[in-house]
Amino acid sequence: MTAPTFDLTITKGKTLAQSFGYHDEQLVYRDITAMPSKAPVRLTVTGHGVPDNWAVRIERTRAPAELNTPEGEYWTPLVVDADTLEFDQLDMVGARAFAPPGVLVYPRPADLEGWKARMQIRDRIGGAVLLSFSSDPADQADGTIEVDVANSAFVIGLDAGQTAAIAWSSGTYDLEAIRPDGAVVAVIGPSRVVIAPEVTVWA
């Protein structure tokens with residue numbers, strides 16, 4: 001699986017907590033059985049299994065047809081409970097009543113139990129290290145990485161004091177994970193980092 005790229009913006013003086021979901025190559029299909037709310041749209045998808053901040057698609061809905069996700073796009077719903085998802089970007093007031101079939105489709109979340117992760121920001125590929133991140137508390141020279149097993153995600157973090165102290169303006173990074181069997185996999189491929197200025201500086 002080819003790792004995606006993601007350009008990262010770090011704002012000086014602000015806490016950084018950026019989450020990266022990780023999935024395998026299998027797709028999950030779940031039947032949509034009802035639309036209890038039209039604005040924002042809420043869908044009943046029994047036992048959907050969607051983690052927080054996870055990208056999904058809605059497909060093959062007969063009515064309302066505009067509920068289907070446009071080709072090449074994904075939506076990120078709010079997980080209300082184990083059987084309900086809310087899509088605040090969708091307003092179906094005035095649309096036809098929901099009529100099945102309808103299918104929720106999403107990449108299967110990876111089981112990250114026992115995984116580790118590491119990341120470096122450098123001034124260029126192969127250049128000087130600007131910041132290092134790790135999920136290992138003994139190796140957290142700068143930033144942290146939380147392996148969020150429940151949501152199949154890696155969360156990188158810097159506190160506000162650390163971001164305020166950044167003296168460079170741009171760089172490059174990638175994020176890699178180490179599976180329990182020792183294999184190293186790419187989560188995010190080489191991508192750009194940009195430092196945004198801080199506006200509010202409280203003395």
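This is a predicted model: local features need pLDDT of at least 70, side-chain atom pairs count only at pLDDT 80 or more; totals for chains, interfaces and linings use all residues.

Residues are numbered from 1 along each chain as its sequence is written, and side-chain values use heavy atoms, with hydrogens and water left out.

**Exercise 1.** Describe the largest pocket by its volume and its lining.

Solution. A pocket is an open set of points on a 1 Å grid over the protein atoms alone, where a 1.4 Å probe fits, with protein on both sides within 12 Å along at least five of seven lines, and its lining residues have an atom within 4 Å of a point. The volume, taken as the space filled by probe spheres set on the points, is about 420 Å³ for the largest pocket. Its lining has 22 residues, and Pro 4, Phe 20, Gly 21, Tyr 22 and His 23 lie nearest the centre. The elements giving two or more residues to this lining are strand S2 (16-21) and strand S15 (184-196), strands being DSSP runs (E, at least two residues) numbered from the N terminus.

**Exercise 2.** Which strand gives the largest share of the lining of the second largest pocket?

Solution. The second largest pocket holds about 350 Å³ of space, and among its 21 lining residues Arg 118, Met 119, Gln 120, Asp 174 and Glu 176 lie nearest its centre. The largest share, 6 residues, comes from S10.

**Exercise 3.** How do S7 and S8 run relative to each other?

Solution. Strand S7 (residues 78-81) and strand S8 (residues 84-87) run antiparallel and are joined by 3 bridges, where pairing requires that DSSP finds at least two bridges. Asp 81 stands opposite Thr 84 in S8, and a hairpin joins S7 to S8 through 2 residues.

Technical notes. Helices (H or I, at least four residues) and strands (E, at least two) are DSSP runs, numbered from the N terminus.
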